[in-house]
Amino acid sequence: MADETIIEGAEAVAVEGGEENRRGRGRGGDRGRGGERGQGGRGRRDDRRGRGGDEEQGEELIEKLVHINRVSKTVKGGKRFGFAALVVVGDGKGRAGFGHGKAREVPEAISKATAAAKKAMVRVPLKEGRTLHHDGKGHFGAGKVTVRSAPQGTGIIAGGPMRAVFESLGVADVVTKSVGTSNPYNMIRATFSALQDQTSPKSVAQRRGKKIADLMRRGGASAEAAEVEAAAVTE
């Protein structure tokens with residue numbers, strides 16, 4: 001429902017921006033038209049490259065439009081209006097990334113943001129394929145977020161941009177809290193800062209030259225319970 005609201009708002013802004021762009025081209029003359037052709041051409045070529053890469057990899061990605069904003073650039077003869085889009089992309093299996101793009105039209109801005117997000121995807125280890133291995137904190141600018149693992153059935157307790165990240169990542173149970181800012185860009189970056197600090201028992205055991213069961217027993221679990229938990233660890 002939130003994505004539909006964002007897209008409807010983007011379409012309304014696009015109509016208003018299109019009228020401003022036409023007036024700006026009238027004031028700016030040929031220079032404004034030439035800039036529009038150049039930017040549009042680059043956007044189309046980038047979009048073709050992005051689609052071709054997905055077909056080669058053969059993977060289906062989840063794309064979430066988080067935020068779209070109208071921006072302007074003051075030039076000789078007036079202003080050039082455009083749009084900036086923030087997109088989150090994930091495969092639903094522990095990989096996700098975000099990107100932003102700017103263009104004269106909304107679809108081109110979304111295409112550029114999606115292509116940037118696909119190039120910046122990172123791997124996050126998941127516990128049982130549904131939640132995080134441990135709690136974590138992330139910070140970027142004025143944004144501070146806290147992410148916590150949750151038992152099965154909890155769901156995604158997160159709002160706004162953070163929910164889009166976990167849905168694209170494939171997390172089914174998580175509890176989050178964001179303080180300090182409501183800027184979607186800073187919230188997304190702080191969330192990825194917390195996710196990149198996630199480690200799994202398997203990686204820790206390999207780094208320390210120990211068995212996963214040995215790490216589980218240090219938490220006070222019995223040998224049998226530690227063996228069961230170690231066998232359930234996949235990444």
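Let me start with a definition: by a helix I mean a DSSP run of H or I that is at least four residues long, and helices are numbered from the N terminus. With that in hand, I can say that just after helix α4 the residue Gly170 takes a positive phi of about 100°. Please keep in mind throughout that we are looking at a predicted model.

The pairing of β7 with β8, residues 174-179, is in the parallel sense and runs over two bridges, and here Ile156 stands opposite Val174 of β8.

Now to the two helices themselves. From the α4 side, Pro161, Met162, Val165, Phe166 and Leu169 take part in the contact, and they meet Pro184, Met187, Ile188, Thr191, Phe192 and Leu195 of α5.

How much of α4 is buried? Seven of its nine residues are, which leaves the helix mostly covered; the buried ones are Pro161, Met162, Ala164, Val165, Phe166, Ser168 and Leu169.

Leaving aside residues up to four places away in sequence, Thr191 touches Val145, Met162, Val165 and Phe166.

In soluble globular proteins, nonpolar side chains tend to be buried together. The largest core in this model has 26 residues, and those with the most contacts inside it are Met162, Phe166, Leu169 and Leu195. At least two residues of this core come from each of β2, residues 78-90, β6, α4 and α5, and the largest share, seven residues, is supplied by α5. Phe166, again not counting residues up to four places away in sequence, touches Val147, Ile156, Ala158, Val171, Val174, Thr176, Thr191 and Leu195. Apart from this core lies another one, of 13 residues, among them Leu65, Val87, Val106 and Ala113.

Let me turn to the other sheet I want to show. It is an open sheet of four strands in the order β1-β2-β3-β4, and its pairing is antiparallel. Here β1, residues 62-75, and β4 are at the edges with a single partner strand each, so one side of each is left without a neighbour in the sheet. Strand β3, residues 95-103, and β4 run antiparallel and are joined by two bridges, with Arg95 opposite Arg123 of β4. Helix α3 packs on this sheet and touches β1, β2 and β3, its direction making about 145° with that of β3. Helix α5 packs on this sheet as well, touching β1, β2, β3 and β4, at about 155° to the direction of β3.

Which residues does Ala117 touch, once those up to four places away in sequence are set aside? They are Val87, Val89, Gly97, Phe98 and Gly99. Ala117 sits in α3, residues 106-119, and counts as buried at 0% relative accessibility. Between Ala117 and Val89 there are 6.0 Å from C-alpha to C-alpha, although the two are 28 residues apart in sequence.

One last point concerns backbone angles. Most residues other than glycine have a negative phi. Glu128 has a positive phi, near 60°, and is not a glycine. Glu128 lies in the loop between β4, residues 122-123, and β5, and with a relative accessible area of 51% it is exposed.

Notes
Residues numbered from 1 in each chain as written. Predicted model: local features only at pLDDT ≥ 70, side-chain atom pairs only at ≥ 80, totals over all residues. Heavy atoms only, no water. Pairing = 2+ DSSP bridges. Buried < 20%, exposed > 50% of the residue type's maximum accessible area, 1.4 Å probe, protein only. Core = buried A, V, L, I, M, F, W, Y, C linked by side-chain atoms within 4.5 Å. Contact = heavy atoms within 4.5 Å. Axes fitted to C-alpha atoms, helices over the stretch in contact; angles between N-to-C directions.
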